[in-house]
Amino acid sequence: MTNIYFNRWFSVSYHYMNMIRDNPDGGSFKFYGTHPDPNHLSLQACDYSEREPVLHGTEYVDYAVDFCRRHEIDIFIPRLKMLDIAKEVERFDAIGTKVMVCRDIPLLESMLEKDRFYETLQGTGVVAIPEYYVVETADQFKTAYDTLVRNGHRVCFKPTDSEGGMGFRIIDNDMDPLANLYGWVSSSVPFEQAYGTLSAVEKFPKLMVMELLEEDEVSIDCLADPEGKLIVAIPRRKSSGRIYLLDDVPELMEIAEKVSAKCRIPYVFNIQVKYNKGVPKLLEINPRMSGGLFITCLSGVNMPYLAVKTIMGQSFERPDPRLGIKASYLELPIVMQGKG
């Protein structure tokens, strides 16, 4: 029996735990999870779960080490506090817990701060970088906006340390405020409204003001060995609505190869690119399983399980994904464990 711990994960980890549990080798696993919300769906796939306290820095690492010790955790797959955990990963080594995290601290720090990662890859030829500016005052925001418009771009902005689409806004000066109130919640905002809000403070948390990438968005889910050597990469292109296409696109495979060779990110990671004027440009790289990985695994490649085999040092044949697949997903009703 191998004990695996997921801390404060997204709901989709429900799928990842079950994909590891339903492995083709008949391996036996027990899953542990923690989350501040005891009813969180990620915990419904766990054999054992508990309410996670709200802690920071070393205090959080203390909690995680103690949890792993108490439950004899073999593999810890963190999402929350990855950087804090990586900085003290030797504490987990000492109790026999393997942690699925990037141990290259400067690299991990840069991936979690998007502007720093752009600086790392700028001019390397690994992947095209959008035109962007980092700002923290309203005047800087206006200068960046004016420059991007002069260069022929539509403009968007987002926090440098956001996850997913949090804080992402598109500047749209043609939007109808009244129609907007009656429509779906929009990520668009007029320049003057954004500028006015930012002008209310002397300095604000860093924003990236950048060219809006207006064409197809692609997530490239990747699996690498502990040294960061790429094993397999599978592009997942977002189509209309909930439709995704798993395509064999040479230029995307080349981006995955180049990122892997340059950065050496271990285990499962996700490269997000978006096309503009026919060129795929980098959005971000997530050093963890992506939210849409369960769609990618319809290719026949069970990435969560292969990542577990990788960290355990177990050999397997290089997977050969089935591509050319159109895929989607439906809600899955489940009867929840526990009461209240």
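Is aspartate 47 buried, partly exposed or exposed? Aspartate 47 is partly exposed, with a relative accessible area of 45%; buried means under 20% relative accessible area, exposed over 50%, and partly exposed in between (1.4 Å probe, protein chains only). Keep in mind that this is a predicted model, where local features need pLDDT of at least 70, side-chain atom pairs count only at pLDDT 80 or more, and totals for chains, interfaces and linings use all residues. Residues are numbered from 1 along each chain as its sequence is written, and side-chain values use heavy atoms, with hydrogens and water left out.

**Strands and sheets**

- Helices (H or I, at least four residues) and strands (E, at least two) are DSSP runs, numbered from the N terminus.
- Five strands make up an open sheet, in the order E3-E2-E1-E4-E5, with parallel pairing; two strands pair if DSSP finds at least two bridges between them.
- At the edges sit E3 (48–51) and E5 (98–99), each pairing on one side only.
- E1 (residues 2–7) and E2 (residues 29–35) run parallel and are joined by 6 bridges, with threonine 2 standing opposite phenylalanine 29.
- Elsewhere, strand E7 (residues 155–159) has 5 of its 5 residues buried, so the strand is largely enclosed by the rest of the structure.
- Val155, Phe157 and Pro159 point one way from E7, while Cys156 and Lys158 point the other way.
- E7 runs antiparallel to E10 (residues 207–211), with 5 bridges between them; proline 159 has leucine 207 as its bridge partner there.
- E7 is also antiparallel to E8 (residues 169–171), this time through 2 bridges, and phenylalanine 157 partners arginine 169.

**Nonpolar cores and a surface patch**

- A nonpolar core is a set of buried Ala, Val, Leu, Ile, Met, Phe, Trp, Tyr and Cys residues joined through side-chain atoms within 4.5 Å.
- The largest one has 54 residues, and Ile271 and Leu282 touch the most other members.
- Helix H2 (residues 57–70) gives this core its largest share, 7 residues.
- There's also a second, separate core of 39 residues, with Tyr14, Ala45, Leu293 and Leu306 among them.

**Salt bridges**

- The count comes to 20 salt bridges, each being a side-chain nitrogen of Lys or Arg within 4 Å of a carboxyl oxygen of Asp or Glu.
- Arginine 8 bridges to glutamate 52, with the closest N and O atoms 2.8 Å apart.
- Arginine 8 lies in the loop between E1 and helix H1 (13–21) and glutamate 52 in the loop between E3 and H2, so the pair ties together parts 44 residues apart in sequence.
- Both arginine 8 and glutamate 52 are buried.
- Back to aspartate 47: its salt bridge is with arginine 21, at 3.2 Å between the closest N and O atoms.
- Arginine 21 is partly exposed, at 26%.
- Lysine 309 pairs with aspartate 25, the closest N and O atoms being 3.1 Å apart.
- Lysine 309 is buried, at 10%, whereas aspartate 25 is partly exposed, at 49%.
- Glu50, Asp66, Arg69 and Arg70 are linked in a salt-bridge network.
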